[in-house]
Amino acid sequence: MAGGRVLVVNAGSSSLKYEVFDVSSGTSTDAGSVSGVGGRSRHQHRGRGGDLDEVLDCPGHTEAFAAASAALGSTAARASPGPCWSTTTCSGHWRT
């Protein structure tokens, strides 16, 4: 798999963590977490385009993943040549 990115997601009982790795270099390009899933949640994201720290309501993991998706696809989280999602090669899930 030359180039591209890999999205790794860990969905715990009340949190969602995610990280995107550049396949060529093996380095992390974006990462974040949503804690407190099931109610008032805190979403923290760091990426090449900047950081995000917000409080939002995430009654479930669907809303938490939507927040992560928005951060990964936002202008602030863009990594050349385009949004993170446009060049993600594959995704995986890890369980701790």
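Author: Start with R40 and D57: both are exposed (over 50% relative accessible area; buried is under 20%, partly exposed in between; 1.4 Å probe, protein chains only). This is a predicted model: local features need pLDDT of at least 70, side-chain atom pairs count only at pLDDT 80 or more, and totals for chains, interfaces and linings use all residues. Residues are numbered from 1 along each chain as its sequence is written, and side-chain values use heavy atoms, with hydrogens and water left out.

R40 and D57 form a salt bridge, with their closest N and O atoms 3.3 Å apart. The term means a side-chain nitrogen of Lys or Arg within 4 Å of a carboxyl oxygen of Asp or Glu. Strands (E, at least two residues) and helices (H or I, at least four) are DSSP runs, numbered from the N terminus.

A search of the whole structure finds 3 salt bridges. Another joins D53 to R42, at 2.5 Å from N to O. D53 lies in strand 5 and R42 in strand 4, 11 residues apart. D53 is partly exposed, at 46% relative accessibility. R42 is partly exposed too, at 40%.

Next, R46 and E19: their side chains meet at 3.7 Å, N to O. R46 belongs to strand 4 (residues 39-47) and E19 to strand 2, 27 residues away. R46 has a relative accessible area of 40%, so it counts as partly exposed. Side chains of opposite charge can pair when their charged atoms come close.

Look at L16. Leaving aside neighbours within four places in sequence, L16 is in contact (heavy atoms within 4.5 Å) with residues including V9, V34, V37, A64, F65 and A68.

S14 sits in the loop between strand 1 and strand 2. S14 is partly exposed, at 36%. Beyond four places in sequence, S14 touches V34, S35, G36 and V37. The C-alpha atoms of S14 and V34 are separated by 8.5 Å.
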